[in-house]
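Here is a short note for a colleague who has not seen this model before. Please read the points in order, with the structure open alongside.

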Amino acid sequence: KAQLLMEINFAKGRYQQVVSQFEALTKEKSSTKEIDLTVLLHYAESLMKIGRQKDALNCLQELESRLEHANSEQKVHVCILKSECYQAIKELPNAIAVIEEAIALTPSDELKNQFNYQLSKLYVEAGQFDKATEKLSRLMESSQPFWKNVAEQELNHLQLLQSSGVRSNSS
């Protein structure tokens, strides 16, 4: 019953209530292993929505350990959430590592393209222009015209950044 109520509150965007209900529920249970994976995932997302990224990361790491035998789609979803948390707390190397992990897990070329684009943005933010260029070059090889156009525009933008004297942190 409590888990269903959390699902309803999550769907309605009542994230603080989800967090409060989850924390009350965990006091009743001896372990979070008894809690449904979807509820645990919604708890982590709710923590993110209310600005508790470090708590969300702890929850996502626990969730990840329970997904050992799950399908890659669920694992990719957890990777995306972890990356968002790391970005929010300005831990770009960890955000990048998690997206790289997601690329390895997904069979979808469309998702790989999205992840490579996201990685290029993270590398630019981290001042690693060489690595950003590498990811955009991968996008240029895409069979989808949309991603080729995006990559071309971003490569041009990156060249402008570099020519205007923005310093690279690449070694």
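1. Start with helix 2, residues 15-28. At 1.5 Å a residue, its 14 residues should span 20 Å, and its end C-alpha atoms are 20 Å apart, which agrees. The expected span is 1.5 Å times one less than the number of residues. Helices (H or I, at least four residues) are DSSP runs, numbered from the N terminus.

2. A word on the basis. This is a predicted model: local features need pLDDT of at least 70, side-chain atom pairs count only at pLDDT 80 or more, and totals for chains, interfaces and linings use all residues. Residues are numbered from 1 along each chain as its sequence is written, and side-chain values use heavy atoms, leaving out hydrogens and water.

3. Which residues of helix 2 are buried? They are Val18, Val19, Phe22 and Leu25. They cover an arc of only 130 degrees around the axis, which puts them on the same side of helix 2. The arc is taken from the directions from the helix axis to the C-beta atoms. Buried means under 20% relative accessible area, exposed over 50%, and partly exposed in between (1.4 Å probe, protein chains only).

4. Now the surroundings. Helix 1 (2-11) and helix 3 (37-49) are among what covers the buried residues of helix 2; contact means heavy atoms within 4.5 Å. The face turned away from the buried side carries the exposed residues Lys27 and Glu28.

5. The whole structure has four aromatic pairs. Rings of Phe, Tyr and Trp (its six-membered ring) pair if their centres lie within 6.5 Å; planes under 30 degrees apart count as stacked, over 60 as edge-to-face and the rest as tilted. The Phe22 and Tyr43 rings are stacked, because their centres are 3.8 Å apart and their planes at 15 degrees. Phe22 lies in helix 2 and Tyr43 in helix 3, so this pair ties together parts 21 residues apart in sequence. Phe22 is buried at 3% relative accessibility, and Tyr43 is buried at 10%.

6. Tyr117 and Trp147 form a tilted pair, with centres 5.9 Å apart and planes at 50 degrees. Tyr117 is partly exposed at 23%, whereas Trp147 is buried at 7%. Ring pairs link Tyr117, Phe146 and Trp147 into a cluster.

7. Cys59 is buried, at 6% relative accessibility.

Key: Helices (H or I, at least four residues) and strands (E, at least two) are DSSP runs, numbered from the N terminus.
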